[in-house]
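Dear colleague,

Please find below the sequence and structure that I am handing over to you. My account of what was found follows directly after them.

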Amino acid sequence: MKHLFLSTALIIGLAGCSPQSLNVYSEPVEKPKTTVELLPEVYRAADTLVMTSNQVLDQNASVLVSSIVDIDALETSSTFGRTVGEQLSGRIAQLGYSVSEVKMRDSLAVRPRQGELMLSRDLAFLAGRQNAQAVLTGTYSISEHSVFVNLRLLRAGDGRVLSATDFRIEKDADIASMLPKKTNGGWVLVQ
């Protein structure tokens, strides 16, 4: 009777097992990728730039924020670069600092589909016209799977770096849609 009970329990137990669970080797389970979202990264970067500045920033003096440009083409930006610039501008304002809206001014070259581009030779002129204490600027570089963003807070007038930070973001479908498309001849902005 005891053997009958054990045999029945063993048969019932094995009947509930799937063929995969009896297999000694199983395929490795792929862990889901953790994606890094752009907005929290940009906000952390803005916080870092303000908090680690070598010069105490006056909340009543303007900070200018430019579009982030492609490191391989410093006179061009993209939807990605303009978006990061807008997010940085918003975050600096949220932190209580005066941010000049440069798109409303005639002192900055605003190029359709390119952004508000601020070249280093224009820095002193623009800062003086805006009564700015600092300029937030930066570059991005594109790799196969990531976008690397480098940001700098520069002292207005002489361009001295007050603080710097960077971050990497995965080039998922959303990020890729904001970047220029690569062709055999180089990068092309899709408009």
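Predicted model: local features only at pLDDT ≥ 70, side-chain atom pairs only at ≥ 80, totals over all residues.

Valine 63 stands opposite alanine 134, a residue of strand E5. Strands E1 and E5 run parallel and are joined by four bridges. Along E1, Ser62 and Leu64 point one way, while Val63 and Val65 point the other way. These four residues are all buried. As a general point, the side chains of a regular strand alternate between the two faces of the sheet.

Strand E5 also pairs with E6. Nine bridges join E5 to E6, and the two strands run antiparallel. One of the pairings sets isoleucine 142 against valine 147 in E6. The two strands form a hairpin, with three residues between them.

Strand E6 continues the pattern with E7. E6 and E7 are paired over nine bridges in the antiparallel sense, and arginine 152 has alanine 164 in E7 as its bridge partner. This second hairpin has five residues between its strands. In its turn lies glycine 157, which has a positive phi of about 100 degrees.

As for the chain as a whole, it has six helices and nine strands. It comprises 191 residues, of which 38% are buried. Among contacts with a separation of 6 or more, 64% are between residues 24 or more positions apart. The accessible surface of the chain comes to about 11,800 Å², and carbon and sulfur atoms account for 55% of that surface.

Which residues touch the most other members of the largest nonpolar core? They are Leu38, Phe80, Leu88 and Leu151, in a core of 29 residues. Two or more residues of this core come from each of helix H3 (38-51), strand E1 (62-65), helix H4 (79-94), strand E5 (132-142), strand E6 (146-155) and strand E7 (161-170). Helix H3 gives the largest share, six residues. In soluble globular proteins, nonpolar side chains tend to be buried together.

Two residues illustrate the packing. Leaving out residues up to four places away in sequence, leucine 88 touches Val42, Ala46, Val65, Ile68, Leu136 and Leu151. The second, phenylalanine 167, is found in strand E7. Is phenylalanine 167 buried or exposed? Its relative accessible area is 6%, so phenylalanine 167 is buried, the limit being under 20%. When neighbours within four places in sequence are set aside, phenylalanine 167 is in contact with Leu38, Glu41, Val42, Ala45, Val147, Phe148, Val149 and Leu151. Phenylalanine 167 and tyrosine 140 are 27 residues apart in sequence, and their C-alpha atoms are 9.6 Å apart in space.

Finally, the charged pairs. Side chains of opposite charge can pair when their charged atoms come close. How many salt bridges does a search of the whole structure find? The search finds three.

One of them joins arginine 44 to glutamate 41, with the closest N and O atoms 2.5 Å apart. Both residues lie in helix H3, three residues apart, which is about one turn of the helix. Arginine 44 has a relative accessible area of 46% and is partly exposed, whereas glutamate 41 is buried at 15%. Glutamate 41 is also among the contacts of phenylalanine 167.

Another salt bridge is formed by aspartate 47 and arginine 91, whose closest N and O atoms are 2.9 Å apart. This pair links distant parts of the chain, since aspartate 47 is in helix H3 and arginine 91 is in helix H4, 44 residues apart. Aspartate 47 counts as partly exposed, with 22% relative accessibility, and arginine 91 counts as buried, with 19%. The two values fall into separate classes because buried means under 20% relative accessible area.

The remaining salt bridge is between aspartate 158 and arginine 155, with 2.6 Å between the closest N and O atoms. Arginine 155 is partly exposed, at a relative accessible area of 25%.

With kind regards

Technical notes: Residues numbered from 1 in each chain as written. Heavy atoms only, no water. Core = buried A, V, L, I, M, F, W, Y, C linked by side-chain atoms within 4.5 Å. Buried < 20%, exposed > 50% of the residue type's maximum accessible area, 1.4 Å probe, protein only. Contact = heavy atoms within 4.5 Å. Salt bridge = Lys/Arg side-chain N within 4 Å of Asp/Glu carboxyl O. Pairing = 2+ DSSP bridges. Areas by Shrake-Rupley, 256 points an atom, 1.4 Å probe, with all protein chains shown as cover.
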